[in-house]
Amino acid sequence: MTTIRQRRVGKGTEAAEDQPSEETNVEPDGKILPGPPGGKLWNILSITVGGIVAISLGLLTSVYVATLHENDLWFSNIKEVEREISFRTECGLYYSYYKQMIQAASIQQGLHGLVYDNKTESVRTINILERMNVYQEVFLSILYRILPIQQYLEPVYFYIYTLFGLQAIYVIALYVTSWLLSGTWLSGLLAACWYITNRVDTTRVEFTIPLRENWALPFFAVQIAAITYLLRTHLQPAQERLTLMAVFMATFLFSLTWQFNQFMMLIQALALFILDCLDLLPTAKVTWLYIIQISGLLLVCVLQFFNSMILGSLLISFNVSVLIARIIQKNLKKGGLPNRLGKLILHVLLVLCLTLLINKFIKKILNLESDEHIFKFLKAKFGFGATRDFDANLYLCEEAFGLLPLNTFSRLSSTLLFYVYGFVLFLLTVAAVIVAFRNLSGSNQVQLKEEMEEYTVTLKPDAAYSLVHTVLFGCLAFSTMRMKYLWTSHMCVFASFGLCSTEVWKLLLKCLHLHTSQRTQVIKYSIPIITLLYISFKFWPGIMDELSELREFYDPDTVELMNWIKSNTPNTAVFAGSMQLLAGVKLCTGRTLTNHPHYEDKNLRERTKQIYQIYAKRSPADVHGILRSFGTDYVILEDSICYERRHSRGCRLRDLLDVANGHIMDGLGENEPDLKPSLYPRFCEEIKKNLPSYTMHFTKVFQNKTFHVYKLAKHK
């Protein structure tokens, strides 16, 4: 088991970049009038200073997480096998393809090995570029081969420094988004500081470097920044075209680098749909965003050799349904409040029905079942009936797929982030409800607006999008802890924007009958500066202590196992075991696997369930037959799984297998009435007794405190 142990000795104020005022800076035809020369110069200076601060903070964040990674593992000092073992579970699997491309005789041979791979899944040839999102590893390996850096930089450092470099892009994108929303780069500075001080809840890049989300989330942040700019009013046609191109490129790269892209963009599409229905966004721009999502995903589908899971995604079905429903309901946004609400309800029902019909039709045509485990998991998670499905229960029992822990909010509150976020969320939600009601009520509100201009509540399209985005991704984070990183990073943007926003403070002060322009400006700058000072004084010493704490990687049992496999087994040997361990076996030794952690394939899920019978109550003959059917030469048993105590009864892997097999679970506690005792003892326990019924099929060839390796007899 991998652990980290202590390392032993010897081994000011700036002017806002305000959006053009609709009353004073814009002609009737929409052209922006030039401002005074002094104001223009001041804006240029502000943008220059803000840009320098953004780049500096991005680079500092990269150095920060890189230093934490080095300090945690002593990465520069440990052996190559230890470095590779530190890429845990699926991280090791993804990195193995980068290593494979680097070690190939040529780029063409490396690509051929990925397209016709027969080492990731034994007795099967699969296309890695179709099944997995590893184009980033391919691109990086080609870049490493063609650049003259081999003598100065090891491949592993080129890889991890690229990921840490993406953190700079991530922070800069968050900074720019907050700046665009508020009109001042002070907001971006606050967003970046919150991102860094809440690092435990905003990123995990320093210890899960190759994870797909660490590649994808920076591009998602860039996409949100581009959408924020696109939704500003009075953009010139050339600006709009360039922004749409930026949105498309960011969407494409996000989709290319993460297999869960379609689910994240579906939530984004729902946000756009809600805002469009409530007249909070311009319909033309929303239509372009729908088209960009579809075209970006289809381009990824082509690059992934027409991956059927992409074609059968709910996102494509939903976006197509919305566009069709618009054609059917041409007068959706005309009429009074009752008429509009009736049309709106019909529109939502029509889109929902069309989405389900189109998605079911596509999946029927393609015979698609790759994502069925996700829907089984969601069905069980939200209480639509219990399930004995092994795959669904495997997700349900993992902490990462559980509800967001309450201690998350105490951590976020310690930096004031959660308090400010709640305050801004409340104010903007009230504003959104008022504006949406006014929009749906129709033209009869225009006169009222003219009579009570001072008290009119407004909500800019970019702020409206940010509001619904954070609400929907907040719901996702609450339901699934692993997805909190999509929410918490945007929390930093949303809270800092609200704290530095003229509109938010104006709304609050008007409600309290305290509004003046001077007071609004003073509060807009003073409170963010006070907040920044508080964060700096409270958390700077802790960050310095964290950077000075030195530890080292320590996992001698896994290192011993990997070294034994490389030295004592043929290169063609096939290994069976847990998904997490086998990813490391492939990376460290290059041996063939029976199964692996990339779970988005029905055949692989069924195969994994069969391989895991080594931890169930099955006869040695049955287990031997199952393993040999997948070409297994060696099986690795782990005591940490066989005698698992990490999960409670009912969620241990052996319990999930027992229930799926119809057997009573071990230990004290209730069992479902139709479960029966097994005729055989637990395989992983009984095999260690060296009984004749086991030794005729399995021979122990390696053992340490954590692992037991058995060689399978090859019966005719």
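Visitor: What kind of model is it, and which cut-offs apply?
Guide: It's a predicted model, where local features need pLDDT of at least 70, side-chain atom pairs count only at pLDDT 80 or more, and totals for chains, interfaces and linings use all residues. Residues are numbered from 1 along each chain as its sequence is written, and side-chain values use heavy atoms, with hydrogens and water left out.

Visitor: Which helices supply at least two residues each of its lining?
Guide: Helix H7 (155-182), helix H10 (212-230) and helix H23 (484-499). Helices are DSSP runs of H or I with at least four residues, strands are E runs of at least two, and both are numbered from the N terminus. The lining residues include Tyr 170, Leu 217, Phe 220, His 469 and His 490.

Visitor: How does that lining split by class?
Guide: Eight nonpolar, four polar and no charged residues. Ala, Val, Leu, Ile, Met, Phe, Trp, Tyr, Cys and Pro count as nonpolar, Asp, Glu, Lys and Arg as charged, and the others, Gly among them, as polar.

Visitor: And the second largest cavity, what's its lining like?
Guide: That cavity holds about 50 Å³ of space. Its lining divides into four nonpolar, four polar and two charged residues, with Arg 204 and Glu 213 among the lining residues. H10 gives the largest share, four residues.

Visitor: Back to H23. Is the helix mostly covered or exposed?
Guide: Mostly covered: 16 of its 16 residues are buried. Buried means under 20% relative accessible area, exposed over 50% and partly exposed in between, with a 1.4 Å probe and protein chains only.

Visitor: Switching topic: what order do the strands of the open sheet take?
Guide: E4-E3-E5-E7-E6, five strands with mixed pairing. Strand E4 (592-593) and strand E6 (698-703) are at the edges with a single partner strand each, so one side of each has no neighbour in the sheet. Two strands pair if DSSP finds at least two bridges between them. E3 and E5 pair in the parallel sense over two bridges, and Ala 576 stands opposite Val 635 in E5.

Visitor: How many salt bridges turn up?
Guide: A search of the whole structure finds 31. Each is a side-chain nitrogen of Lys or Arg within 4 Å of a carboxyl oxygen of Asp or Glu.

Visitor: Which residue does Glu 90 pair with?
Guide: Arg 482, with the closest N and O atoms 3.9 Å apart. Glu 90 is in helix H3 and Arg 482 in the loop between helix H22 (461-479) and H23, 392 residues apart. Both Glu 90 and Arg 482 are buried.

Visitor: What's the N to O distance for Asp 276 and Arg 326?
Guide: 2.6 Å. Asp 276 sits in helix H12 and Arg 326 in helix H15, 50 residues apart. Asp 276 counts as buried at 6% relative accessibility, and Arg 326 counts as buried at 17%.

Notes:
1 Å grid on protein atoms, 1.4 Å probe; cavity = no way out; pocket = protein on both sides within 12 Å on 5 of 7 lines; lining within 4 Å. Points joined across faces, edges and corners; volume = space filled by probe spheres on them.
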